[in-house]
Amino acid sequence: MEERAVKQICEKLLLEVNCEFVGFAIQNSHGPDITWRIAAGNSNDKYKRITVRYGKGIAGKVIATGQPIEIENFPDNISGKVLDYPIMLAEKLLYAFAMPIRIKGIPKGVLLVGKRTINPISESDQQLVKLAATEIEAL
């Protein structure tokens, strides 16, 4: 997967969608762990050190279910522990919308847009995230 192209898609999404953070995570080729590889609008570099287990946190849940996940009013509306959501904590996000990225039809990555306010993104912005996810899948 072309990381520079993914970074450009993330930066474009940051400008197009009403959000403050865009991140891309992918499952490691060896083992079930998922790491955050690319970010735009990040407030620090902590994302580079975040690894979550399959099924844990927003990235692990999106990959495990293959379904988009929306988190509003973090940490009020989550299942599990706050510490299971390190990207939300590291970037001080109160809202997130995450789409699965499929490689050969199997969910292996996550595209996340987040906000540091509790306001959700619009339905049309969610469509832009879905389009960006499709662009990444095509790489």
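**Figure 1. Strand β1 is mostly covered in this predicted model, with seven of its seven residues buried.** The cover extends to both faces of the strand. On one side lie Phe21, Gly23, Ala25 and Gln27, and on the other Val22, Phe24 and Ile26, all of them buried. In a regular strand, side chains alternate between the two faces of the sheet. Strand β1 is joined to β2 by six bridges, and these two strands run antiparallel. Within this pair, Phe24 stands opposite Ile38 of β2. Six bridges also link β1 with β6, again in the antiparallel sense. There, Gly23 has Leu112 of β6 as its bridge partner. The hairpin of β1 and β2 has six residues between the strands, and in it Gly31 adopts a positive phi near 95°.

**Figure 2. The six strands of the predicted model form an open sheet.** Their order is β3-β2-β1-β6-β5-β4, with antiparallel pairing. The antiparallel pair of β2 (residues 34-40) and β3 is held by two bridges. Thr35 has Thr51 in β3 as its bridge partner. Helix α1 (residues 3-16) packs on the sheet, where it touches β1 (21-27), β2 and β6 (106-115). The direction of α1 makes about 55° with that of β2. Helix α2 (residues 57-65) also packs on the sheet, touching β1, β2, β3, β4, β5 (95-103) and β6. The direction of α2 makes about 140° with that of β6.

**Figure 3. Helix α2 is mostly covered, seven of its nine residues being buried.** The buried residues of α2 are Gly57, Ile58, Ala59, Gly60, Lys61, Val62 and Ile63. The helix is followed by Gly66, whose phi is positive, near 70°.

**Figure 4. Helices α1 and α4 (residues 123-138) pack with their axes 10 Å apart.** The angle between the two helices is about 170°, and they are therefore roughly antiparallel to each other. On the α1 side, the contact is made by Val6, Ile9, Lys12, Leu13 and Glu16. The α4 side contributes Asp125, Leu128, Val129, Ala132, Glu135 and Ile136. An α-helix has 3.6 residues a turn, so residues three or four places apart point the same way. Lys12, which lies in helix α1, has a relative accessibility of 40% and so counts as partly exposed. The C-alpha atoms of Lys12 and Ala132 are separated by 9.0 Å, although the two residues are 120 residues apart along the chain.

**Figure 5. The whole protein comprises four helices and six strands.** From the N terminus on, its elements follow the order α-β-β-β-α-β-α-β-β-α. The radius of gyration is 13 Å, close to the 14 Å given by the globule rule for 139 residues, so the protein is as compact as a globular protein of that length. Along the principal axes, the C-alpha atoms fill a box of roughly 35 × 30 × 25 Å. Of the 139 residues, 46% count as buried. Among the contacts with a separation of 6 or more, 55% are between residues 24 or more positions apart. The accessible surface comes to about 6900 Å², and 52% of this surface belongs to carbon and sulfur atoms.

How values were computed:
Residues numbered from 1 in each chain as written. Predicted model: local features only at pLDDT ≥ 70, side-chain atom pairs only at ≥ 80, totals over all residues. Heavy atoms only, no water. Pairing = 2+ DSSP bridges. Contact = heavy atoms within 4.5 Å. Axes fitted to C-alpha atoms, helices over the stretch in contact; angles between N-to-C directions. Buried < 20%, exposed > 50% of the residue type's maximum accessible area, 1.4 Å probe, protein only. Rg over C-alpha atoms; globule rule 2.2 N^0.38 Å. Areas by Shrake-Rupley, 256 points an atom, 1.4 Å probe, with all protein chains shown as cover. Parallel < 35°, antiparallel > 145°, perpendicular 65-115°, else oblique.
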